[in-house]
Amino acid sequence: MIKLNYKDLLEIYDEISKNIKNKKKLYNFEKYKMINITRALEKINNFDFEKYNIFLIREPKERIVMSLNLVDKIINHYVARTILIPKLEKYLDIRNTATRKNMGTSYAIKLLKKYLNLNKKYNNFYVLKLDISKYFYNINHNKLKNMLKDKLNHNEFNIVSKIIDSTNYKYVNEKIKIIKEKHNLKNIPYYKKGKGLPIGGLSSQTLSTFYLSEIDHYIIHDLKIKYYVRYMDDFILIYHNKEYLKYCLINIKNKLKKYDLKLNNKVQIINVKNGFIFLGYFFKLKNNKIVVKLSSKTRYKINKNLKLKQKLYQNGKINLNYYFCSYYSLINYKNN
């Protein structure tokens with residue numbers, strides 16, 4: 001049995017509820033709040049989870065999201081926050097920046113800018129940009145579970161394994177097939193048996209951040225790349241010797257084979273004077289100064305989103321509070 005805590009679950013619910021757009025579902029949950037929280041506690045120890053609601057989103061790019069009902073979403077967050085994050089955080093390097101508390105996109109951008117500034121002493125220095133092909137779909141279940149075995153107790157391991165294996169159910173690919181045919185999508189893959197994590201849940205984000213932690217240590221300690229930033233499956237390696245980065249690329253490719261992963265065709269070695277894009281920002285060394293600004297693609301998407309939010313508000317589709325929060329967030333990101 002997992003040691004359960006009502007207070008933790010209530011705090012998680014209070015946080016999740018702020019982002020629930022379907023107010024009718026939220027109202028129905030609130031009517032029987034304590035019964036639903038008790039149900040969540042029982043489901044955790046019975047390894048009993050409902051089916052995913054699988055749907056397509058188009059921003060920031062087309063992808064399939066696997067959403068949970070409110071009870072299961074609370075469970076998913078509970079598992080991430082009380083089991084995965086406390087047990088796995090110590091294995092993560094500070095250069096591993098995605099989905100961690102106070103270590104998200106802003107942190108990654110600041111860290112990268114810091115590392116670039118530290119390399120200005122070289123006449124020329126370079127970045128090796130790496131991106132893994134279909135990362136979430138190719139995470140090997142057995143490999144991941146073997147990495148977790150000695151870090152979780154028996155009951156914790158069983159619960160997390162249930163989440164990891166949840167993409168194996170037949171209905172998942174059946175629903176993806178319907179979506180692909182309806183929208184004529186060719187680039188959205190299916191889940192293979194024993195591979196992939198559901199996109200959307202906090203547990204998946206935590207596990208996918210952890211999955212490449214050994215690669216992080218390999219790059220930093222074995223390849224001796226001190227200036228390095230990874231945001232989920234996007235890597236930036238900084239070094240003043242281009243040939244050595246080519247050597248690193250070969251070794252990282254070989255290392256990724258053990259994880260059933262391979263790099264996509266976005267791999268580049270770039271002189272920082274020529275500039276590169278990372279997390280929607282353009283970085284460049286100009287006049288011995290590191291320039292950081294929004295990429296033209298990101299700026300276009302923000303402007304498009306601002307116009308959409310304005311139209312939705314004018315047509316009564318969203319209220320003033322939601323419009324104001326969205327507008328402020330987008331403007332702040334644009335002017336950051």
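User: Setting aside its neighbours within four places in sequence, which residues is Asn36 in contact with?

Analyst: Contact here means heavy atoms within 4.5 Å. By that rule, and leaving out neighbours within four places in sequence, Asn36 touches Asn28, Phe29 and Val71. Before we go on, note that this is a predicted model, where local features need pLDDT of at least 70 and side-chain atom pairs count only at pLDDT 80 or more, while totals for chains, interfaces and linings use all residues. Residues are numbered from 1 along each chain as its sequence is written, and side-chain values use heavy atoms, with hydrogens and water left out.

User: Where does Asn36 lie, and is Asn36 buried or exposed?

Analyst: Asn36 sits in helix 3 (residues 33-45). Helices (H or I, at least four residues) and strands (E, at least two) are DSSP runs, numbered from the N terminus. For burial, the cut-offs are under 20% relative accessible area for buried, over 50% for exposed, and partly exposed in between (1.4 Å probe, protein chains only). With a relative accessible area of 13%, Asn36 is buried.

User: Let me try a strand. Is Leu285 buried or exposed, and what is Leu285 in contact with beyond its neighbours within four places in sequence?

Analyst: Leu285 is part of strand 8 (residues 281-286), and its relative accessible area of 9% makes it buried. Beyond those sequence neighbours, Leu285 has contacts with Lys120, Phe125, Val272, Lys273 and Ile290.

User: What about Asn69 and Tyr52, how many residues apart are they in sequence?

Analyst: They are 17 residues apart, with 7.7 Å from C-alpha to C-alpha. Asn69 belongs to the loop between strand 2 (63-67) and helix 4, and at a relative accessible area of 32% Asn69 is partly exposed.

User: Now a whole helix. How many residues does helix 1 have, and what is its reach?

Analyst: The expected span of a helix is 1.5 Å times one less than its number of residues. Helix 1 (residues 6-17) has 12 residues and reaches 16 Å from first C-alpha to last, close to the 16 Å expected. Its buried residues are Leu9, Ile12, Tyr13, Ile16 and Ser17. Looking down the axis of helix 1, these fall within an arc of 130 degrees, so they line one face of the helix. That arc is taken over the directions from the helix axis to the C-beta atoms.

User: How do I read two helices together? At what angle do helix 11 and helix 12 pack?

Analyst: Axes are lines fitted to C-alpha atoms, for helices over the stretch in contact, and angles run from 0 to 180 degrees between N-to-C directions. Helix 11 (residues 213-222) and helix 12 (residues 242-257) pack at about 155 degrees, with axes 11 Å apart. That makes helix 11 roughly antiparallel to helix 12. Angles under 35 degrees count as roughly parallel, over 145 as roughly antiparallel, 65 to 115 as roughly perpendicular, and the rest as oblique. Ile215, Tyr218 and Ile219 of helix 11 meet Asn251, Ile252, Lys255 and Leu256 of helix 12.

User: Which residues of helix 12 are buried, and what covers them?

Analyst: Leu245, Cys248, Leu249, Asn251, Ile252 and Leu256 are the buried ones. Their cover includes strand 3, helix 11, strand 5 (234-239) and strand 6.

User: At what angle do helix 4 and helix 8 cross?

Analyst: Helix 4 (residues 70-88) and helix 8 (residues 154-164) cross at roughly 120 degrees, and their axes come within 11 Å. This makes helix 4 oblique to helix 8. Asn76, Val79, Ile83, Leu84 and Lys87 from helix 4 meet Glu156, Ile159, Val160 and Ile163 from helix 8.

User: One last feature: the backbone angle phi. What is the phi of Lys134?

Analyst: Most residues other than glycine have a negative phi. Lys134 has a positive phi, near 45 degrees. Lys134 is in the loop between strand 3 (126-131) and helix 6 (135-138), and at 41% relative accessibility it is partly exposed. Asp260 also has a positive phi, near 60 degrees. Asp260 is placed in the loop between helix 12 and strand 6 (268-271), where its 36% relative accessibility counts as partly exposed.
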